[in-house]
Amino acid sequence: MDFKLTEKEEALKKEFETFFAAEMKNAPADFGNGGIESIYTSDEGFEFHKYMARKLGEKKWLSLGWPKEYGGLEATIMEQVIFDDVRGYYSAPGVDAFAVGMFAPTLLAGATEEQKQRLLPPIANGEAYYCQGWSEPDAGSDLASVTTTAIREGDHYIVNGQKTWTTGGHKAEFMFLLARTDPDSKRGKGLSVFHLRMDLPGIEVRPLAFMDGKHVYNEVFFKDVKIPADDLIGVEGEGWNLTRQTMNFERSGAGGFSGAKKMLEGLIEYTKSTKRDGQPLSKDPNARRKMVELYIASEVGKTLAYKIAWLHEKKDFMSLITAASESKLFSTELAQQLANYATEIMGPYGQLEHGEWSPLGGSMVELYQFCKGATIYAGTNEIQRNLIAWTGLGLPRLKFK
């Protein structure tokens, strides 16, 4: 692997850096780390997210790798990773993780031509905001066991059931839904994917508040919701295969690693400017050791993310599955390590969210409270370890009698 950028890629990276450095000056004062809390917990944060989406849409950066016929630039996978890397470093919003990161690839892989022409342009322009209708109370990491039904009646499907942990469902205009079209089917058989509007009669969104009162997740209930048959994506009953393709698009990890590096740089500056017992914290051997460990880990993670781009270019899709799981596992555990080290180094000040005594604007408090969840959503880290063992190492699956 040679990760040295070409002249064209270096120029593109500089263009991304110039754009995000300028635009992030417009962020609300309390925007935080730029993650889902920053986007979904306040009207100001979501409006800035929408503003950035429109800016990115104008440059066609939301559709970098798409075919030109659907508004894309047909960029290489390496150019896409460079974009994710730079955007992550600046903690910039504007890329709807569900619309751009998941549903658009699903449409490109399995939608009809009419659906592509109808649904892709608003996503590419930064004008459509989605949520993900996957998880249910008894179907999270074991997604194939969903029980929400979508039964065809004439030219509509009638949806009944419940989804949970629906990120941004209270802000989204649309949802891509995984539902069971054959009520007698088991596991992955008989599942289908749908596009739907969130304002349809029979949809109820209930907030699931965090312990600190912030609102990111939701429960979504469906009672006799009518979806036009034209909004079935792909073949009825073949939604599980389409969903598995979507999962592979969800994780590259470049933005997560570069975001961690940016926070680490802030922590390093904090140790240089903060004294303990008359000496800067940066001279404390234990603090220095922790900083070095975190820096090395962030560089390892960035290399892993670029390896994923390399595997894409080689079309080595079996290795890609393993690498994607490795990236998700490593990035989420790096975030935990960073939050733990930071709050330990900061001591009692690391627990302050606001005010002049709050280091780094309280960003580490936010990271500390949130980072555990990242090891659970999008497939638990235990699931990722299993996938690495099975697909990467060829280890046998345990069989229980």
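**Exercise 1. In which sense do strand E2 and strand E3 pair, and over how many bridges?**

Before we start, note that this is a predicted model, where local features need pLDDT of at least 70, side-chain atom pairs count only at pLDDT 80 or more, and totals for chains, interfaces and linings use all residues. Residues are numbered from 1 along each chain as its sequence is written, and side-chain values use heavy atoms, with hydrogens and water left out.

*Step 1.* Find the strands: E2 covers residues 149-153 and E3 covers residues 156-163. Strands (E, at least two residues) and helices (H or I, at least four) are DSSP runs, numbered from the N terminus.

*Step 2.* Check the pairing, which requires that DSSP finds at least two bridges between two strands. E2 and E3 pair in the antiparallel sense over 5 bridges. One such spot is Glu153, whose bridge partner in E3 is His156.

*Step 3.* Look at the turn: the hairpin has 2 residues between the strands, and Gly154 takes a positive phi near 65° there.

*Step 4.* Move on to E3 and strand E7 (residues 215-228), which run antiparallel and are joined by 7 bridges. Here Gly161 stands opposite Phe222 in E7.

**Exercise 2. Describe the contact between domain 1 and domain 3.**

*Step 1.* Get the bounds, which come from an automatic or database domain assignment. That assignment gives domain 1 (7-95), domain 2 (131-237) and domain 3 (250-392).

*Step 2.* Count who takes part: domain 1 brings 14 residues to the contact and domain 3 brings 18. Contact means heavy atoms within 4.5 Å.

*Step 3.* Now the area: about 1,500 Å² is buried between the two domains, with carbon and sulfur atoms giving 59%. Buried area is the accessible area (1.4 Å probe) that two parts lose on being put together, summed over both. Asn33, Asp85 and Tyr89 supply 38% of what domain 1 buries against domain 3, more than any other three residues.
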